[in-house]
Amino acid sequence: CDKHRGRACKCQVMRTMILARVALGDPYYTKTLQKTARRPPDRENGNGHYDSVIANPGWMQNHKRQHQDHQELVIFDKGQAYPAYVIEYMVA
């Protein structure tokens with residue numbers, strides 16, 4: 001919730017999480033922040049473009065802290081993901 005942003009929220013409300021299955025296909029591994037990307041980069045061999053982008057933890061060029069804290073997986077086609085489970089839970 002907004003009131004507890006950046007802290008563990010102990011508000012006792014029902015929460016919902018969607019667990020999705022995602023097809024990454026042929027991923028591009030980036031070491032540069034790509035904030036404005038609207039599609040994955042072109043392949044080096046000239047045969048189309050990659051299917052997704054993966055940013056692994058570590059050094060990241062153009063990142064405000066020059067560091068990526070977590071793994072981030074980005075797809076550009078909604079057909080690459082589908083919800084597998086809807087999980088409802090309470091924070092105790």
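The following legends describe close-up views of one predicted model.

Residues are numbered from 1 along each chain as its sequence is written. In this predicted model, local features need pLDDT of at least 70 and side-chain atom pairs count only at pLDDT 80 or more, totals for chains, interfaces and linings use all residues, and side-chain values use heavy atoms, with hydrogens and water left out.

**Figure 1. Overview of the chain and its strands.**
The chain has seven strands and zero helices; helices (H or I, at least four residues) and strands (E, at least two) are DSSP runs, numbered from the N terminus. The order of elements from the N terminus is β-β-β-β-β-β-β. Of the 92 residues in the chain, 15% are buried; a residue is buried under 20% relative accessible area, exposed over 50% and partly exposed in between, with a 1.4 Å probe and protein chains only. Among the contacts in the chain with a separation of 6 or more, 57% are between residues 24 or more positions apart, a contact being heavy atoms within 4.5 Å.

**Figure 2. The open sheet of three strands.**
The strand order in this sheet is β2-β3-β6, and the pairing is mixed; two strands pair if DSSP finds at least two bridges between them. Strands β2 (27-30) and β6 (72-75) stand at the edges with a single partner strand each, so one side of each has no neighbour in the sheet. On average, neighbouring strands of the sheet are turned by 20° against each other, direction ignored; the axes are lines fitted to C-alpha atoms, for helices over the stretch in contact, and angles run from 0 to 180 degrees between N-to-C directions. Strands of a sheet pair through backbone hydrogen bonds, either parallel or antiparallel. Here β2 and β3 (residues 52-55) run parallel and are joined by four bridges.

T30 belongs to strand β2 and stands opposite A55 in β3. With 7% relative accessibility, T30 counts as buried. The side chain of T30 reaches the backbone oxygen of T32 at 2.8 Å and makes a polar contact with the side chain of Q34 at 3.1 Å. A polar contact is a pair of N or O atoms within 3.5 Å; within protein, one must be able to donate a hydrogen and the other to accept it, and residues adjacent in sequence count only if both atoms are side-chain atoms. Beyond its neighbours within four places in sequence, T30 is in contact with V53, I54, A55 and M60.

S52 lies in strand β3 and is buried, its relative accessible area being 0%. A polar atom of the S52 side chain lies 2.8 Å from the backbone oxygen of L24. Apart from neighbours within four places in sequence, the contacts of S52 include L24, D26, P40, V74 and Q80. I54 is also in strand β3, and is buried with a relative accessible area of 4%. The C-alpha atoms of I54 and E72 are 5.8 Å apart, although 18 residues separate them along the chain. Residues up to four places away in sequence not counted, I54 touches L24, P27, Y28, Y29, T30, Q71, E72 and L73.

The largest pocket holds about 270 Å³ of space, a volume being the space filled by probe spheres set on grid points joined across faces, edges and corners. On a 1 Å grid over the protein atoms alone, a pocket is an open set of points with protein on both sides within 12 Å along at least five of seven lines, and lining residues have an atom within 4 Å of a point. The lining of the largest pocket comprises 18 residues, and L33, Q34, A55, E72 and V74 lie nearest its centre. Strands β3, β5 (67-68) and β6 each supply at least two residues of this lining, and β3 gives the most, with three residues.

**Figure 3. I87 in strand β7.**
I87 is placed in strand β7 (residues 81-90) and is partly exposed, with a relative accessible area of 34%. The C-alpha atoms of I87 and L19 are separated by 7.4 Å, while the two residues are 68 residues apart along the chain. Residues up to four places away in sequence not counted, I87 touches R15, T16, M17 and L19.

Most residues other than glycine have a negative phi. N62, in the loop between β4 (58-59) and β5, is not a glycine and has a positive phi near 70°. Q66 is found in the loop between β4 and β5, and its phi is positive at about 60° although Q66 is not a glycine. Q66 is partly exposed, with a relative accessible area of 36%.

Notes
1 Å grid on protein atoms, 1.4 Å probe; cavity = no way out; pocket = protein on both sides within 12 Å on 5 of 7 lines; lining within 4 Å.
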